[in-house]
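Start with the sheets, then turn to the helices.

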Amino acid sequence: MAQEKPEVQTSKKTIGLAIHGGAGTIERNSMTPEREREYRAGLERALTAGYEIIKHGGSSVDAVEAVVRVLEDDPHFNAGRGSDFTNAGTNEMDAAIMEGKTLKAGAVANLRHIKNPISLARLVMDKSPHVFMAGKGAEIFAKQNGIEILPDQQYFYTKHRWEALQKAKAADEGGTGKKRFIITNQDRHGTVGAVALDKNGNLAAATSTGGTTNKLEGRIGDSPVIGAGTYANGICAVSATGDGEYFIRATVARDVAALMEYHGMKLAEAAQTALDNVAKLGGTGGLIAIDREGNLALPFNTSGMYRGYVDSNGKFVVEIYK
């Protein structure tokens with residue numbers, strides 16, 4: 001299994017930020033220079049949105065929400081506007097956000113008419129007595145609290161996601177005499193996420209996704225599941241991406257924190273160990289994590305993961321390939 005770089009040390013005046021735009025089969029030789037520039041620019045815009053908040057004393061929760069909103073608005077990433085299609089040709093989106101100091105969390109699933117699911121997850125956390133809301137009820141709650149409800153799903157249509165659905169459907173028609181296509185895990189899934197540490201020492205995590213291409217309607221992955229795809233406490237904050245069913249079964253995000261708390265592992269070792277547990281089940285993907293000292297870990301076991309972080313000098317680092 002591929003080993004990611006060791007954890008990145010940030011400055012002792014402890015603020016930190018890391019983001020991801022999904023892990024999968026991302027090969028340099030299959031990426032055009034123009035498309036790579038677009039992905040990098042999107043990640044840099046997201047980093048800027050989050051870093052400006054924590055640099056000026058804002059909260060880690062505000063920062064991770066801002067990052068994810070930018071990525072949800074970018075059609076290159078599988079969340080919000082760029083969401084994958086279900087097998088019925090619809091879009092269903094999930095998201096979650098969590099604050100480490102209070103263990104408050106908000107999660108939403110099966111959204112069809114919300115531009116920025118992460119902001120509805122934040123609203124669930126801040127304005128409701130619940131942690132997790134889904135489907136029609138979540139959208140009614142959104143409308144009652146002033147979030148725009150789109151009249152249809154045209155906003156979420158992107159040509160490359162629609163073509164990925166057609167490829168997936170064709171690949172699933174084995175034995176019918178029709179041509180089969182090879183579908184990579186990058187075609188099938190993707191996620192966006194952020195983790196942050198603010199000047200007050202508070203950690204937060206946020207994750208948002210359009211799910212997997214050709215998924216059954218109603219399927220929910222790990223992204224909105226607190227402790228699986230998203231988690232934050234006083235020790236670390238984690239956002240995951242990959243084969244959601246495996247990340248749920250391995251309780252990946254919470255596992256990172258537990259390995260640090262109960263086994264005394266450093267962040268990098270805990271993150272890699274949690275990801276190795278996914279691989280043992282047959283899953284692929286990656287995660288980003290930050291601890292209360294500002295250390296970062298960004299392991300993945302695929303050929304690439306769209307990712308970025310801010311180093312100790314305030315310089316943005318954006319990477320895609322292994």
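Four strands build an open sheet in the order β7-β8-β9-β10, with antiparallel pairing. Strands are DSSP runs of E with at least two residues, helices are runs of H or I with at least four residues, and both are numbered from the N terminus. Two strands pair if DSSP finds at least two bridges between them. The edge strands are β7 (230-232) and β10 (296-297), and each pairs on one side only. β9 (residues 285-291) joins β10 in the antiparallel sense over two bridges. Ile290 stands opposite Leu296 in β10.

This is a predicted model: local features need pLDDT of at least 70, side-chain atom pairs count only at pLDDT 80 or more, and totals for chains, interfaces and linings use all residues. Residues are numbered from 1 along each chain as its sequence is written, and side-chain values use heavy atoms, with hydrogens and water left out.

Another open sheet has eight strands, in the order β4-β3-β2-β6-β5-β1-β11-β12, with mixed pairing. β4 (132-134) and β12 (316-321) stand at the edges with a single partner strand each, so one side of each has no neighbour in the sheet. The twist averages 10° from one strand to the next. β11 (residues 304-310) and β12 run antiparallel, joined by five bridges. Val310 has Phe316 in β12 as its bridge partner.

Contact here means heavy atoms within 4.5 Å. Angles run from 0 to 180 degrees between N-to-C directions, and axes are lines fitted to C-alpha atoms, for helices over the stretch in contact.

| Helix | Strands touched or crossed | Angle |
| α4 (135-144) | β3, β4 | about 105° with β4 |
| α8 (252-263) | β7, β8, β9 | about 145° with β8 |

How do α3 and α4 pack? Their angle is about 75°, with axes 10 Å apart. That makes α3 roughly perpendicular to α4. Angles of 65 to 115 degrees count as roughly perpendicular, under 35 as roughly parallel, over 145 as roughly antiparallel, and the rest as oblique. Leu120, Leu123, Val124 and Lys127 of α3 meet Ala138, Phe141 and Ala142 of α4.

The axes of α2 (residues 60-72) and α3 (residues 117-127) come within 8 Å and cross at roughly 150°. The two helices are therefore roughly antiparallel. Residues in this contact include Val61 and Arg69 in α2 and Ile118 and Met125 in α3.
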